[in-house]
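I start with one residue and then step back to the whole chain.

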Amino acid sequence: MSQNNQVNLINSVKENRPRLALTLGDPAGIGPEVILKALADKEISQKYDVTVVGNGDLLAQTYRKLNLTENFAPLANPDDLLVSDVQLDGKIQGKIISGIGNAASGAASFAYMENAIAQTLAGKFDGIVTGPIAKSAWKAAGYNYPGQTELLAEKSGVERFGMLFVARSPHTGWTLRALLATTHIPLRQVADTLTPQLLTQKLDLLVECLEKDFGIENGRIAIAGLNPHSGEQGQLGHEEQDWLIPWLQQERQNRPQLQLDGPIPPDTMWVKPGQAWYGNSLVQQNPADGYLALYHDQGLIPVKLMAFDRAVNTSIGLPFVRTSPDHGTAFDIAGKGIADATSMKAAIDLAAELVSQRLAKKN
C-alpha cells in the first residue's frame, strides 16, 4: 500500500477516527517520556483519538522533571491530554523510582495493561499501543508472563496469536513484515518447540494479517530454514529434511494461490530485504510481502539492524489492533530527556492505519 493510499484510507474514516489506548509502560523507564514527545506532534495528536492509560500523577511528574533537563524536544502537557487514570496503591507509587525497574514499577505497568485491555474489549477503544515494560519487573511483582503479547492473548481468550514486526523504510518506502514462529524461549528449546502444526498456525496468521490489515491477497512469503545453510541436505542438521521441507511442500499444494519461498538459509534470507530497505529499485530486489523467522533472534537481529528506531511490534490474532515500539524500557537513560520517540510515533501511526483498514472494510 502506497503512502498516498495510507493517507487517503485514514482520511476516509475521519468521522470515525481510530480510538487508541496508549499505555504508559513501565513508569520507571522511558515510556512516559516517549509518549509525551510523540503526543507533542500535531500530526498524531490531531489525527487520532488517543487516550493515555496510566497514572496521571506519574505522567505529570515526568513532564515536570523533563522540563528541568536540557531537553529541547517538544513535550505534550499532560493537562491537555485525555488520560484514563489508573490509581495505584500509595505504597506502590511511592516505590517507583525513575531508572530503576522493580516490583512496584512492574505492578504499575501490569495494572495499566489490564485496564487498557478491559476497556478495549468493552468497546471503548479500537486498539492498544503499549509502552515498553520490563519482564523482570513483572516477575518481581508476581506476574509470570513471557511478555505483553501473552497477557493480551490470555485476556482476549485467543490461542492463535503471533508477534509481527513491521517497519517502513525511510529510503524506499518499502514495508518490512517479519513474523516470529517462536518468541521468548531459550534457544535450546527452539528445535523441540517447532512443529509442522505450529508453523501452519503461524502461516495462517500471517496470511490472514496480510489480507485483513494490509490488503495483500495471494502474497509472497519467505520462510527461513532452521540450521545453517538450511541443514545442507542433512549435513548441518536434520530438521529441514525430516519435516520442514515436506511441510512446506504440503503447504504449497494446500495454498496454490500463494508463493511460498524456502526454506531459505537464514544467513541469506535477509539480503533482499536489506537491499529493498536501502536500495533504489524494488522491482530488481523483488522482496517478499512477509517473512517467517523460526525463532526470536533469527528475525529480530536483522529487523533491528535495519529499523531499530522504526520497527513496530504488532500482535496478530487478537480481536483488536495492538502495536508497540520495538525497544525496551531503557532504564539507563530514563528521565534524562534524550529518549527517541520515533518508534513510538511509528507504533501509533501503524495502529491507526490498521484500525482504519478494518473500519473501512466494515463500512
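I looked up Thr149 and found it in helix α8, which spans residues 148-156; helices here are DSSP runs of H or I with at least four residues, and strands are E runs of at least two, numbered from the N terminus. A note to keep beside this: the model is predicted, so local features need pLDDT of at least 70 and side-chain atom pairs pLDDT 80 or more, while totals for chains, interfaces and linings use all residues. Residues are numbered from 1 along each chain as its sequence is written, and side-chain values use heavy atoms, leaving out hydrogens and water.

Is Thr149 buried or exposed? I get a relative accessible area of 4%, so Thr149 is buried (under 20%; exposed is over 50%, partly exposed in between, with a 1.4 Å probe and protein chains only).

Next I asked which residues Thr149 touches. Leaving aside residues up to four places away in sequence, I listed Phe161, Met163, Asn313, Ser315 and Arg322 (contact means heavy atoms within 4.5 Å).

Then I zoomed out. I count 15 helices and eleven strands in the protein. Of its 363 residues, 54% are buried. Among contacts between residues at least 6 apart in sequence, 77% join residues at least 24 apart.

For overall size, I boxed the C-alpha atoms along the principal axes and got roughly 60 × 45 × 40 Å. The radius of gyration is 21 Å, which agrees with the value near 21 Å for a compact globule of 363 residues (taken over C-alpha atoms; the rule is 2.2 Å times the number of residues to the power 0.38).
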